[in-house]
Amino acid sequence: MNIENLIDEYKKGNLSVEDHIKYTIDKIEADTLNAYISVDGDGAINKARELDQKLKNREKLGKLFGIPVVVKDNISYDQMRMTCASKMLEDFTPIFNATVVENLIKEDAIIVAKSNMDEFAMGGRGESSYFGPTKNPLDESRAPGGSSSGSAVAVAKDDVLISLGTDTGGSVRCPASYCNIIGYKPTYSLMSRSGVVSMANTLDQVSLFAKNIADIRVLANTTSSPDPKDMTSILENYDYKYEDYDFKGKKIGYINTSSNLYKGIEDTVGKDYEKALNQLKELGAELEEVKLEYAKYANPVYNVVMNSEVSSNMSRFDGVRFGYQADKYENVEELFVKSRSEGLGEEVQRRIALGTMYLSANDDQKIYKKGLKIRSLIKNELEDLFKKYDFIITPTTTNLAPKLGEANDDPLSDFRSDGFNVIVNLAGMCGISLPVRKGLSGSVQLIADRFEDNNLLNASEKFLRSINEN
């Protein structure tokens, strides 16, 4: 089943929107993997009834007519809480919709639930939520990846066909890899960030989950739009359209797994990567090994830039302007300290502290400024490569989904496993995580230059069709 098939079932009268939404809500309410924070059962069913009447009246139907959608809980929807999986916003309900949510509603989608996530999108495993960790549907003893953990799990276990996450340094591609589905991070600016709680402004991008490229394409065409409320958004609509992609004569750069950049790669991931490379050769692609001079600095640079922006963005959550307020305090300073200490989790506090240090005026923000310079070198290096190559391919992560709680004593482990994700965000380019085979396995990431998203999706569709046939 995909979006086109489901809408066709509605049109033929084989299925009512109301019945399908009730079925979806039942699955969500029976969830045992802690994938959800809020569910809007009554609201979703009422909307379904309106859409059934719209169909009977022969009105024009939207591109996502009657399609249930799960939205990450840092994206504003005024019919449900937006907690960011934090005690700080446990009871907060927004008064407006994010632009991407408005775009969904205009096309007759139904928002059924808000998904669990790492607190304020800070984490790579799905374990730092105030509401508890999310479990991986492929193996409940394993983490699903983060920070968009619940949105990935919702699609992976077939509760919904599509969902929204956000990706700052792999937060959609990592859980897509661990849960063995598709995770697409668009070029920076294609998705409005208005109404999305900022983690790191220059890195964040609303991103998409599905099990097939056709659904990703429909969802991308719906959610992407210019937006006067977001000064970084595109000025004209981007057209995602299907074209049969021919790999013959196309050049794809790859990095040999013997490189130091892949230090610690698991054998299974390496073998699945080799399988993907061989499949691309069979499709006629010309693969050439590339060496990235500055990519080895990607994780430290990401750490500096991301944490610095986190420190700035999180300053508003102080117990006065926004969020949880401590009960007992003797002065304003103690109010701030207690509210943030009690309202924010360990990982969030760690990143705020690091970012505040990097932005310190005592050393003229030397570390932060150096990070920005190296970020530019990484971006320029990738732009030069795309003058020669159509795509770059990497493993999405260097490991399989880890056991829950496995690395609680190593807060930097998340950064080491997805270094090839962060270069995409640092450069503002597009990337997609694609499963190589069924079950718990390695995934590959295709990276393309800015605004080459349409080619990226079409190439991904051809690759997946080919590898699934073999």
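Asn421 sits in helix 14. The structure is a predicted model, so local features need pLDDT of at least 70 and side-chain atom pairs count only at pLDDT 80 or more, while totals for chains, interfaces and linings use all residues. Residues are numbered from 1 along each chain as its sequence is written, and side-chain values use heavy atoms, with hydrogens and water left out. Helices (H or I, at least four residues) and strands (E, at least two) are DSSP runs, numbered from the N terminus.

Back to Asn421: with a relative accessible area of 0%, this residue is buried (buried means under 20% relative accessible area, exposed over 50%, and partly exposed in between, using a 1.4 Å probe and protein chains only). What does Asn421 touch, leaving aside its neighbours within four places in sequence? Its contacts (heavy atoms within 4.5 Å) are Gly169, Gly170, Arg173, Cys174, Thr396, Thr397 and Gln445.

Helix 14 (residues 419–427) also has a helix partner. Its axis and that of helix 12 (residues 366–385) come within 9 Å and cross at roughly 95°. Axes here are lines fitted to C-alpha atoms, for helices over the stretch in contact, and angles run from 0 to 180 degrees between N-to-C directions. On the helix 12 side, Arg375, Ile378, Lys379 and Leu382 take part, and they meet Ile423, Asn425, Leu426 and Ala427 of helix 14. Sorted by type, the residues of this contact come out as five nonpolar, one polar and two charged. In this sorting, Ala, Val, Leu, Ile, Met, Phe, Trp, Tyr, Cys and Pro count as nonpolar, Asp, Glu, Lys and Arg as charged, and the others, Gly among them, as polar.

Helix 7 (residues 213–223) and helix 15 (residues 453–469) have axes 9 Å apart and pack at an angle of about 165°. The two helices are therefore roughly antiparallel to each other. Helix 7 goes past helix 15 in a right-handed crossing (left-handed if the near helix is turned anticlockwise from the far one by less than a right angle, right-handed if clockwise). Helix 7 brings Ile213, Ala214, Ile216 and Arg217 to this meeting, and helix 15 brings Leu457, Asn458, Ser460, Glu461 and Leu464. The residues of this contact split into five nonpolar, two polar and two charged.

Helix 7 turns up again in the surroundings of helix 4. Helix 4 (residues 99–106) has Thr99, Val100, Val101, Asn103 and Leu104 as its buried residues. These pack against strand 2, strand 3, strand 4 (162–166), strand 6 (206–210) and helix 7.

Now for the rings. The structure holds seven aromatic pairs; rings of Phe, Tyr and Trp (its six-membered ring) pair if their centres lie within 6.5 Å, and planes under 30 degrees apart count as stacked, over 60 as edge-to-face and the rest as tilted. One of the pairs is Tyr10 with Phe65, whose ring centres are 5.8 Å apart with planes at 85°, so the pair is edge-to-face. Tyr10 lies in helix 1 (residues 3–12) and Phe65 in the loop between helix 3 (41–56) and strand 2 (68–72), so the pair ties together parts that are 55 residues apart in sequence. Tyr10 counts as buried at 1% relative accessibility, and so does Phe65 at 0%. Phe120 and Phe317 have ring centres 4.9 Å apart and planes at 55°, so this pair is tilted. Phe120 lies in the loop between strand 3 (110–115) and helix 5 (149–156), and Phe317 in the loop between helix 9 (298–313) and helix 10 (332–343), so parts 197 residues apart in sequence are tied together. Tyr184, Tyr238 and Tyr240 form one aromatic cluster.

A few backbone spots stand out too. Most residues other than glycine have a negative phi, and most peptide bonds are trans. Asp108 is buried, with a relative accessible area of 3%. Asn34, also not a glycine, has a positive phi of about 60°, but is partly exposed at 26% relative accessible area. The peptide bond from Gly146 to Ser147 is cis, with omega near 10°, and Ser147 lies in the loop between strand 3 and helix 5.

Terms used
Parallel < 35°, antiparallel > 145°, perpendicular 65-115°, else oblique.
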